[in-house]
Amino acid sequence: MIETRTSFDRICMGILWLGILFILAPLWIALMTASHSAVDVMRSGLAWYPGPHLVENVIRVFTDTRIPVQMFNSLVVALMTAVGICILSFCTAFALVFLNLRFGWLVFATIFGTILLPVDIRVVPTYQVMSNIMEPFAALGLPVSQISLVNTHIGLALPAIAHGTGTFMLRQFFRTVPMDLARAARMDGAGALRFMWDVLLPLSRPALAALFVLMFLGGWTNYLWPLVASSTADMQTAVVGLARLATDGDSRAPDFPLMMAAASTVSLIPLTLIAVLQRFLVRGMALTEK
Amino acid sequence: MRFLTPLAALAMTTAAHATDIEFWYGNTGSNEKAILAACEAFNASQDQDRVSCVGQGSYEAGMQKAIAAYRAGNHPVLIQFFDAGTLDLMLSGAVIPVSEVMPDAPWDSYIPGARAYYETADGKLFSQPYNSSTLLFYTNKAMLAEAGIEKTPETWEEVIAAARTLKEAGVSCPFATDINAWRQIEQFAARHGVPIATQSNGYDGLDAEYVIDQGIVAQHMNNLADWHEEGLVRFDAETKAAKYNAAFSAGECAMIEGSSGGYGSFAEALGADAITVTLPPMYQGQTRHNTFVGGASLWLMKGHDEAEVKAAQNFLDYLRTPEAQLEFTAATGYLPVTQSALDLLESSGRADAPEFATAGPGMETLGAPGNADTRGIRLGFYVQFRDIFAEETQRAYNGDITMDEALANSVRRGNELLRRFEATYAAN
Amino acid sequence: MTQSPFRSRPMALLFLSPLILLTALFFYWPVAEAIRWSFFLEQPFGGESTFVGFANFRRVLSDPEFWKSLKLTGIFMVTASVPAVLVPLMLAMAADRGLRTSRIARNVLVWPKGVAGASIGVIFGFIFNPFVGILTPLNQLWPGIWSPGTDGVDAFITLIVANLWNGIPFNFVILLAGLQALPDTYAKAAALDGAGPWRQALDIRLPLLAPQLFFVLVLEFTESIINAFGLIDTMTRGGPGGATTLLVYKIYADGFKGYDLSGASTQTVLLMIFVLLIAAAQFLLMERRVKYER
């Protein structure tokens, strides 16, 4: 039996290393290719070992492409998304769980509906609405002027904010908070707002951090919506800019080292975030399941 | 904040005496730089009007955004649209024909091949041709010479004979092209004087039907499939550079049929002396007609006051000047398209300069005699048809279906689009 | 659950209205618009629009291209989801052993969460390039054997591998959490009965994990449809010859490149129905499954 255990463990270890290799190999190849010259790569294929051109290629990403300003856009959009979701879903989930609404279930169902149909599926009409967000009000006969949020930071973030996942997660979390806490606060003469601020918020910090990390990563890695909702290069997000870099070669041969340098640069911020805030990310993903 | 721009623009128009207008364009890279330079030059040339030129990232994105902006009523007065969107715009009711607004402008100076594309059957010109290109034939002199070919091929028969020689000499990619309908059927049918759809490619009515499954077009497509099978012709994905024109730049492929706009980067990569640029090949015994103008043109949008329209006209007038056209040509490789610009090029003595190398053959093929079927393409949902054509012929080149099946499928699916387009605009 | 002691309608209104307003504006209104346009022939520039009843639906539903891309969507859902669940399952069961390696694995295996589908599409597009990529030696031995640019099956495989890479973190985390929440008592009893680690893993722990397994599989179904867009747009562009034109990509192409508002809206409505049907099926199955399990 001892023998089968060690052989089992050996196989487990083998599986894990294979998994790690599968995850790291593409990233490693991207980074190594980014350190070679375009001519070398076209001649001898992808690179497994470092070359002398990494700094040069990264500098080219910063001088020859719009990736830097696009990374700033990604940062703004991801932060807006994450902060917006944290605040709105905290308020919404609080009202749903602690304010005894008679039609709470209806509100919840309304918001839950958004989870089933993400923006990627309904991108065509969402684009039309975003290019004229006052239309529903105009349809109601209100005297409003037209406002287009296409190609703006806020327009890039809004469809992700108007989404129920955060509310759903926090609601599940709030329901695990003992109601006695609320009752005790009430007994001490605290109002709902006071309870929310002094008791619930500190308690929710880990959950909010988890939500924040998850939504920030989502905001950074979104593709279809930013692709259609931003038209100018200076308003595109980094991921869109990277994809355009790969397809807009025009009549030049593909510059793989530049692309790989850009891919590495674009993924640097979220990967650092993951490395540092690993705990929260894992907890956030686990929370989605509950 | 981007969404404040219309408000800010409004505030500025009322405050200053000058008229500010916006112009949307889709180009990127060196072409974008040339457009911005033209805007700046216009603004510097007078102080009555100011045009701010806003890039939209691509032709498709520009059109999409213009549609949304028009529906919301915050569109600019002047927009650049690409060739394939011509019919959508003509029927949109959102544009004013330039020949109506500016009846006195010298429209006759435009060479017919460039003008007819944007003109209705009864001679109403909708937009002003801007960045104009057409199809040309390029060869890599050194690769041909190495295989013992001295004369630049002129007919398809010669091209394929040269391709066989090149292949025997060990060239892995004798002739490269892509599966785009613009190259494969539009320009091909035009210069052979045949239509791709009835009703003169839709000029004479919305009830047109595709005819690419017959005649010389179908024959040529079958030939391409055979030549591909034989290893003489390669498509984008089969070249190391992943694109036919990049493969030419990299010296991988010996011959291509490509846009006149590509000359600049070929000359930069291989040297202007190392390549030839000539008229696109014909089949032996066929009469050469004009090719279509590709690229994009400038459209005046409805819903703006007189001052703004006047400012847009002034900008159009400026872009039409021979000097501005030559400036643009030199910077981009696009073609000058008025007789006066050509005359200026001739008299300036720069006609032989490398930056104008495409002007000669470009003008010759655009200016060749035409007929009713070589005016242009006037077919609905045409952008979608180009995708269908590419998809179906790709399957034929892969051997999944025969080329005749691919063409029949394209015709069937294309006709469905045309019928739906007809129904969409039936109310007009 | 017991009642909360608080009750304040104005406050509730204040807290709920922002998100409700946003969902109304950016979710329910677009959905309603898509449904409305699917009954009209809509001119792109908003001129006349003609009410056509169910004609758009009749046309789309009789269009072989629509069914082809729906079929491809279904094929992708299955062929991409199964490995995207099985591989993380193996990894989670291996990591559950608490070996030294599993600490590293638990860190590294969530990294892909930070890499966008489109980014990894660019990277895998390069790695699988037939001329300079990792499989180039194969092509030198047998020319043309690996050609995602012209062979639909090869192109499909690249999408599945990239989707697997992107899907590992979530599925791995959920399955590992599920494994670690299993009570020890079963394992101890099994060990007393003389069951080796293989038996324990396959006969005891795996069946107990069924709810989580089912959960990630059904989530992966919808997830794969959405994630596919970024991969397709950067790796295959729907080709070659339409072999990877899934419905999400077709809608994008029709709506944003073809300016076909009515056609794209009709297909959007059908895709929404398709997704909702899957969700309903999942929900029903899950209910029954969970009751059965616990």
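Let's start inside chain B. B:Phe175 sits opposite B:Val233, a residue in strand 8 of chain B. B:Phe175 also stands opposite B:Met255, in strand 9 of chain B.

A word on the model. This is a predicted model: local features need pLDDT of at least 70, side-chain atom pairs count only at pLDDT 80 or more, and totals for chains, interfaces and linings use all residues. Residues are numbered from 1 along each chain as its sequence is written, while chains are lettered from A and ligands numbered from 1 in the order in which they are written.

Back to the strands. Helices (H or I, at least four residues) and strands (E, at least two) are DSSP runs, numbered from the N terminus. Strand 7 of chain B covers residues 173–177. Three bridges tie strand 7 to strand 8, residues 233–235, and the two run parallel. Strand 7 also pairs with strand 9, residues 253–259, in the parallel sense over three bridges. Pairing takes at least two bridges found by DSSP.

Is strand 7 of chain B covered or open? It is mostly covered, with five of its five residues buried. Buried means 20 or more other C-beta atoms within 10 Å of the residue's own; exposed means 12 or fewer; partly exposed is in between, with C-beta atoms placed from the backbone.

B:Ala242 has a positive phi of about 70°, although it is not a glycine. B:Ala242 lies in the loop between strand 8 and helix 12 (244–249) of chain B. B:Ala242 counts as buried because 20 other C-beta atoms lie within 10 Å.

A:Asn100 is not a glycine either, and its phi is positive, about 50°. Its loop runs between helix 4 (67–98) and helix 5 (104–116) of chain A. A:Asn100 has 17 C-beta neighbours inside 10 Å, so it counts as partly exposed.

Stay in chain A. Where does helix 11 of chain A bend? It bends by about 55° at A:Arg205, and a proline, A:Pro206, follows within four residues. The bend is the angle between axes fitted to the seven residues ending there and the seven starting there.

Next, the contact between chains. 22 residues of chain A are in contact with 26 residues of chain B. Contact means C-beta atoms, placed from the backbone, within 7 Å.

Last, chain C. It has twelve helices and two strands. Of its 294 residues, 51% are buried. Its C-alpha atoms fill a box of roughly 80 × 75 × 30 Å, taken along the principal axes.

Key. Two residues are in contact if their C-beta atoms, placed from the backbone, lie within 7 Å.
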